[in-house]
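Here is a friendly tour for anyone who likes to look at a model before setting up a calculation. We will begin with open space in the protein and then turn to the chain around it.

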Amino acid sequence: MTIHTLLGSRIVDLTTPLGPSTPVVPVPEPFAPTAALSFTPVSDFDEHGPGWSWSDITLGEHAGTHVDAPRHWISGRDGRSVDQIPPERLVGPVGVLDCTAEVAENPGYLVTVADLEGWEAEHGRIQPGTWLFVRTGWSERGDDPARFLNDNVWPGLTLKAAKWLAAHPNVSGLGVEAIGIDGLGAGPEADDAQDDPGAFGPGHYYLLGSDKYGLTSLRNLDALPAIGAWVVVAPLPLVGGTAGPARVFAFVPEGGEGE
């Protein structure tokens, strides 16, 4: 895609607005959760600053739409932090795998190797630098935290699918509409692989351990075609960060509306 074509495309914002009510990944005790967004006013056209308004924020790295960097997971702990991700890995073509029908039947649906191979059979081999987005319709729940978290049941990946993506030389990252790239149902029972070190959180373990990236809480994937769009993923470059809240834009060529 040329720069002229890119700039002539329709721009689609894929980002979830980030506010104090935006949920973060629930973790059971004794594990520690990350912080949701909160504001502490510094001044608001008052005696602390008569001509300006600003606030301090508290914000977990993994809140809202965000990019998981390799060093977020034990398999990538010596890998890149979010500020070290090369820009060329954050801009590229996007492929959209549509699993909305499967997730409508089973909210904890796990993407399979057959799904991924079927996508390539229909649309061609994944191109270098591609972000693969899984469309599930989950973002329709995004303004209702209880439905979005769904008692800790949301779509994810099978262990074999995570390994397939991690081994694919042309995949930069995986993007999803749910709160995390792994459904909590993708635990040790998945694929009967209790002894596999990546059985719990296979997307995290295998993708992040292979210098690929996760992108969560996306919206408006129904506005993207299966192929032909480009994406710009712009996380905060937090020095040493395990993740960065991000703004994500897609460039959709004329006539390339979602299916």
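The second largest pocket holds about 160 Å³ of space. It is lined by 13 residues, and T22, P23, G142, D143 and R219 are the closest to its centre. By class, this lining has four nonpolar, six polar and three charged residues. Please keep in mind that the model is predicted.

The largest pocket has a volume of about 680 Å³. Its lining is made of 25 residues, and those nearest the centre are V25, P26, V27, H72 and W73. Sorted by class, the lining of the largest pocket comes to 14 nonpolar, nine polar and two charged residues.

The structure holds one cavity of 30 Å³ or more, and about 70 Å³ of space lies in the largest cavity. The residues that line the largest cavity are V111, V134, T136, P155, G156, L157, V176, E177, A178 and I181. Seven of these residues are nonpolar, two are polar and one is charged.

Here are the spaces side by side:

| Space | Volume | Lining by class |
|---|---|---|
| Largest pocket | about 680 Å³ | 14 nonpolar, nine polar, two charged residues |
| Second largest pocket | about 160 Å³ | four nonpolar, six polar, three charged residues |
| Largest cavity | about 70 Å³ | seven nonpolar, two polar, one charged residues |

Now for the chain as a whole. The protein chain has six helices and twelve strands. Its radius of gyration is 18 Å, close to the 18 Å that the globule rule gives for 259 residues, so the chain is as compact as a globular protein of that length. The C-alpha trace spans about 65 × 50 × 35 Å along its principal axes. Of the 259 residues, 49% are buried. The protein chain exposes about 12,400 Å², with 56% of that supplied by carbon and sulfur atoms. Among contacts between residues at least 6 apart in sequence, 74% join residues at least 24 apart.

Which residues of helix α5 are buried? In this helix, residues 159-167, they are L159, A161, A162, W164, L165 and A166. The cover over these buried residues includes β6 (110-111), α3 (113-123), β7 (130-135), β8 (156-157), β9 and α6.

F200 and D182 are 18 residues apart in sequence, and their C-alpha atoms are 8.7 Å apart in space.

Some backbone details are worth a look too. Most residues other than glycine have a negative phi, and most peptide bonds are trans. The peptide bond from E29 to P30 is cis, with omega near 10°, and P30 lies in the loop between β1 (10-13) and β2 (38-46).

D211 is not a glycine, yet it has a positive phi of about 60°. D211 sits in the loop between α6 and β10 (213-215) and is partly exposed, with a relative accessible area of 23%. S217 has a positive phi as well, near 55°. Is S217 buried or exposed? S217 has a relative accessible area of 5%, so it is buried, and its place is in the loop between β10 and β11 (229-235).

Conventions. Residues are numbered from 1 along each chain as its sequence is written. This is a predicted model: local features need pLDDT of at least 70, side-chain atom pairs count only at pLDDT 80 or more; totals for chains, interfaces and linings use all residues. Side-chain values use heavy atoms; hydrogens and water are left out. On a 1 Å grid over the protein atoms alone, a cavity is a set of points where a 1.4 Å probe fits but cannot get out, and a pocket is an open set with protein on both sides within 12 Å along at least five of seven lines; lining residues have an atom within 4 Å of a point. Grid points are joined across faces, edges and corners, and a volume is the space filled by probe spheres set on the points. Ala, Val, Leu, Ile, Met, Phe, Trp, Tyr, Cys and Pro count as nonpolar, Asp, Glu, Lys and Arg as charged, and the others, Gly among them, as polar. Helices (H or I, at least four residues) and strands (E, at least two) are DSSP runs, numbered from the N terminus. The radius of gyration is taken over C-alpha atoms; the globule rule is 2.2 Å times the number of residues to the power 0.38. Buried means under 20% relative accessible area, exposed over 50%, partly exposed in between (1.4 Å probe, protein chains only). Contact means heavy atoms within 4.5 Å. Accessible areas come from the Shrake-Rupley method with a 1.4 Å probe; for residues, only the protein chains shown count as cover.
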